Amino acid sequence: MTAMLRVVNRVFLGLVGLVLLVLGGSVLAVGLGAPAPSWWIHDSRHDVLLSNAERTRWRDDGWWWPTVIAVLAVAMLLALWWLVSVLRRRRPAEVLVDTGDGEGALLRGRALENVLTEEASRVDGVDRAHARLTGRRSAPEAHVRLALEPHVDPGTALHELTTGALTHAGTSAGLASLPAEVRLRGVKHRAGRVS
C-alpha cells in the first residue's frame, strides 16, 4: 500500500467513524430520553425514523429513483475501489533478471522470497525470519522481519543480513541494488532462574 493510499484510507475511515459515532451517539442519547439536539430531525424518542409522508414524498417525481440509483451506484463503486485497493497485494509475481544478452529471464518472486527467508533464518541469533518482495518486477524491494534471540546484538544481526542474505539475493537475481526494509524484534523469553 502506497503512502498516499494509506493516508486516504486513514482519513476516510476516520471521517466515516466520526460521522457514525456522532449519529449513533445522538440516536442513543435521544432514545434514552435526553433532549434532542437542535439539528436533530426528530423531536422525541417516540418519533419514527421515517414516517409514511417522508418515505413517499418524492415517489411520484421522475427524477427521484434515477438519482437514488446513481448515488448508490457511485457509493458502491467507491466502496469497491477502496476495498480492492486495501486488499490488493503489491507483490511482484516475477523478478526480471538481467542475463546480459538483452533478453532477460524471469525469476518467480515467491522463490526469491523463500530463499531470502531461509538464508535470513540461518543468521546467528535469528529465531524466525520472514521476507516479502514488493515493487515492480524490474526494481523489487525486500521487506524482512527478524525475530531475534535475547543474546543477539541487533546491529550485528542486521550487518550479517545485509552482507549475507540480501547481497546474495540481489546478486543472484542480477539486480543493481535490492533496497530493503528490515524490522527487528526480540523474542519473548522467560527470566533465568537462579538457584
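Is Arg110 buried, partly exposed or exposed? Arg110 counts as partly exposed because its relative accessibility is 43%; buried means under 20% relative accessible area, exposed over 50%, and partly exposed in between (1.4 Å probe, protein chains only).

## Basis of the report

This is a predicted model, in which local features need pLDDT of at least 70 and side-chain atom pairs count only at pLDDT 80 or more, while totals for chains, interfaces and linings use all residues. Residues are numbered from 1 along each chain as its sequence is written, and side-chain values use heavy atoms, with hydrogens and water left out.

## Salt bridges

The structure holds 4 salt bridges, a salt bridge being a side-chain nitrogen of Lys or Arg within 4 Å of a carboxyl oxygen of Asp or Glu. One of them joins Arg110 to Glu113, with 4.0 Å between the closest N and O atoms. Both residues lie in helix H4, 3 residues apart, about one turn of the helix. Helices (H or I, at least four residues) and strands (E, at least two) are DSSP runs, numbered from the N terminus. Glu113 counts as buried because its relative accessibility is 4%.

Asp127 and Arg128 form another salt bridge, at 2.8 Å from N to O. Asp127 is partly exposed at 36%, and Arg128 is partly exposed at 42%. In the salt bridge of Arg183 with Glu181, the closest N and O atoms are 3.0 Å apart. Arg183 counts as exposed, at 54% relative accessibility, whereas Glu181 is partly exposed at 36%.

## The nonpolar core

The largest nonpolar core has 23 residues, and Leu116, Ala142, Val144, Leu146, Leu161 and Leu166 have the most contacts inside it. Such a core is a set of buried Ala, Val, Leu, Ile, Met, Phe, Trp, Tyr and Cys residues joined through side-chain atoms within 4.5 Å. At least two residues each come from strand E1 (94-97), helix H4 (109-121), strand E3 (126-135), strand E4 (140-148) and helix H5 (154-172). H5 gives the most, with 5 residues.

Leu166 is found in helix H5 and counts as buried, at 8% relative accessibility. Leu166 and Leu116 are 50 residues apart along the chain, and their C-alpha atoms are separated by 7.0 Å.

## Arg6 and Val86

Arg6 is in helix H1 and is partly exposed, at 37% relative accessibility. Arg6 and Val86 are 80 residues apart in sequence, and 8.6 Å apart in space from C-alpha to C-alpha.
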